[in-house]
Amino acid sequence: MISNRESARRSRWRKKKHLENLSNEVNRLLVQNREYKHRLGSVTHQCHLVGRDNERLTYEYLALRTKLYDLYRILVTMQLQ
């Protein structure tokens, strides 16, 4: 009978420790999840900025290419005269 009580007490203690460990793990994972969400938000914002810059540079490239082609045509026309 005493042995059963001791066994039950140890079992309750192990269960309590296991529950504490699980609770600590949940808290650690919640903190980690918040950090990942913050990092994801930062990376998403940075990606948006880079995308806007890329779009602006693409338009600038196309405009400059058109100007260069126009200048080339003028130069060729002048050389032919």
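Me: Let me start with one residue. Is Val-43 buried or exposed?

Reply: The general idea is to look at relative accessible area: a residue under 20% is called buried, one over 50% exposed, and one in between partly exposed. Val-43 has a relative accessible area of 55%, so this residue is exposed. Please keep in mind that you are looking at a predicted model.

Me: Where does Val-43 lie?

Reply: Look for the helix that covers residues 2–80, helix α1; Val-43 is part of it. In total, the protein chain has 1 helix and 0 strands.

Me: How do I read the overall form of such a chain?

Reply: One way is to set the radius of gyration beside the value from a globule rule. Here the radius of gyration is 34 Å, well over the 12 Å that the rule gives for 81 residues, so the protein chain is more spread out than a compact globule. The principal axes tell you about the form as well: along them, the C-alpha trace spans about 115 × 15 × 10 Å.

Me: What share of the residues counts as buried?

Reply: The share is 0% of the 81 residues in the protein chain. Leu-49, a residue of helix α1, is an example to look at: its relative accessibility is 26%, so it counts as partly exposed.

Me: How should I read the charges?

Reply: The protein chain has 17 positive and 8 negative ones, and 14 Å lies between the centres of the two sets. Then look for pairs. Side chains of opposite charge can pair when their charged atoms come close.

Me: How many salt bridges does the structure hold?

Reply: There are 5 salt bridges in the structure. One of them joins Arg-9 and Glu-6, with the closest N and O atoms 2.8 Å apart.

Me: How do Arg-9 and Glu-6 sit relative to each other in helix α1?

Reply: They are 3 residues apart in helix α1, so about one helical turn separates them. Both partners are partly exposed: Arg-9 has a relative accessible area of 43%, and Glu-6 has 32%.

Me: Which residue forms a salt bridge with Lys-17?

Reply: That residue is Glu-20, and the closest N and O atoms of the pair are 3.4 Å apart. Glu-20 and Lys-17 are also in helix α1, with 3 residues, or about one turn, between their positions. With a relative accessible area of 33%, Glu-20 is partly exposed, and Lys-17, at 34%, counts as partly exposed too.

Me: What can you show me about Glu-60?

Reply: Glu-60 forms a salt bridge with Arg-56, and their closest N and O atoms are 3.4 Å apart. In helix α1 these two are 4 residues apart, so they are separated by about one helical turn. Glu-60 is partly exposed at 39% relative accessibility, while the value for Arg-56 is 45%, again partly exposed.

Me: How do I read a feature that comes from a database record?

Reply: Find the span named in the record, then check what the model shows there. UniProt, in an unreviewed entry, places the feature "domain: BZIP" at residues 1–56. In the model this span is 98% helix and 0% strand, and its end C-alpha atoms lie 82 Å apart.

Definitions and conventions: Residues are numbered from 1 along each chain as its sequence is written. This is a predicted model: local features need pLDDT of at least 70, side-chain atom pairs count only at pLDDT 80 or more; totals for chains, interfaces and linings use all residues. Side-chain values use heavy atoms; hydrogens and water are left out. The radius of gyration is taken over C-alpha atoms; the globule rule is 2.2 Å times the number of residues to the power 0.38. Buried means under 20% relative accessible area, exposed over 50%, partly exposed in between (1.4 Å probe, protein chains only). Lys and Arg count as positive and Asp and Glu as negative; His and the chain ends are not counted. The place of a charge is taken as NZ of Lys, CZ of Arg, CG of Asp or CD of Glu. UniProt positions are given in the numbering used here, feature names are shortened, and annotations may be inferred rather than shown by experiment. A salt bridge is a side-chain nitrogen of Lys or Arg within 4 Å of a carboxyl oxygen of Asp or Glu.
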